Amino acid sequence: MSAQTSYGFKTVSAVAGGIYDLSVYVIDAFANEEDTGVMQFGVGVVAGTDPGKTIALPTSDSTADDFRGVTVNGLTTEHDLAGMTYIRNTASIGVMNRGRVWVRVPENTEVAIGDSAYVVTDEDNAGYFTNEEGGIAVNARFIGPVNTTAWIAPIELYPIVVA
């Protein structure tokens with residue numbers, strides 16, 4: 001029989017939409033405009049049909065002026081009986097617009113520290129981040145490597161100026 005002999009004070013190091021560290025960050029609340037189960041934590045979002053109140057996933061028509069930030073996993077969304085977590089339509093969700101956060105990246109993405117961040121707008125990976133030009137250029141950079149188990153990476157968002 002074994003026993004636990006040590007205890008760590010560290011929380012999970014990487015989770016999509018998780019706050020990366022204790023540096024200054026700003027999080028606003030918005031209502032999810034997407035259907036239940038479509039929105040995810042750790043994705044870039046744009047203003048919805050009611051700017052200032054709702055958010056949605058980016059499309060090919062989205063611009064940098066539409067970008068609102070990254071959905072944050074507050075670890076308060078309950079799992080269903082199958083162990084899945086769904087962000088419901090019209091649910092309030094935190095969106096970080098300044099700070100350091102773990103974001104989703106498409107599989108097989110490789111980044112280097114300091115690479116510029118772009119939000120993917122294609123349907124399959126809408127809201128994911130990459131270092132390849134295209135999609136939406138945002139005021140952010142990658143600050144660490146990709147976690148290839150979860151396909152997430154840390155970025156630093158610089159202040160967003162909303163016109």
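This tour of a predicted model moves through a set of linked salt bridges and ends at a nonpolar surface patch.

Begin by selecting arginine 100 in strand S5, which spans residues 92–104, and show its side chain together with that of aspartate 21, since the two meet in a salt bridge with an N to O distance of 3.0 Å. Aspartate 21 belongs to the segment before S1, so this contact ties together parts of the chain that are 79 residues apart in sequence. Arginine 100 is partly exposed at 25% relative accessibility, and aspartate 21 is partly exposed as well, at 24%.

Glutamate 156 counts as buried, because its relative accessibility of 16% falls under the 20% cut-off.

Next, select arginine 141, whose side chain meets that of glutamate 156 in a salt bridge of 3.2 Å, N to O. Arginine 141 lies in strand S8 (residues 136–142), so its pairing with glutamate 156 in strand S9 ties together parts that are 15 residues apart. Arginine 141 itself is partly exposed, with a relative accessible area of 29%. With all of these shown, Asp21, Arg100, Arg141 and Glu156 can be viewed as one network, joined by salt bridges that share partners; the count of salt bridges comes to three.

Finally, select Ile19, Tyr25 and Ile27, which form a nonpolar patch on the surface with about 240 Å² of accessible area together. Of these, isoleucine 27 is found in strand S1 (residues 26–32) and is partly exposed, at 35% relative accessible area.

Notes
Residues numbered from 1 in each chain as written. Predicted model: local features only at pLDDT ≥ 70, side-chain atom pairs only at ≥ 80, totals over all residues. Heavy atoms only, no water. Patch = residues over 30% accessible without salt bridge, like charges linked within 9 Å, V, L, I, M, F, W, Y side chains within 5 Å. Areas by Shrake-Rupley, 256 points an atom, 1.4 Å probe, with all protein chains shown as cover. Salt bridge = Lys/Arg side-chain N within 4 Å of Asp/Glu carboxyl O. Helix = DSSP H or I, 4+ residues; strand = E, 2+ residues; numbered from the N terminus. Buried < 20%, exposed > 50% of the residue type's maximum accessible area, 1.4 Å probe, protein only.
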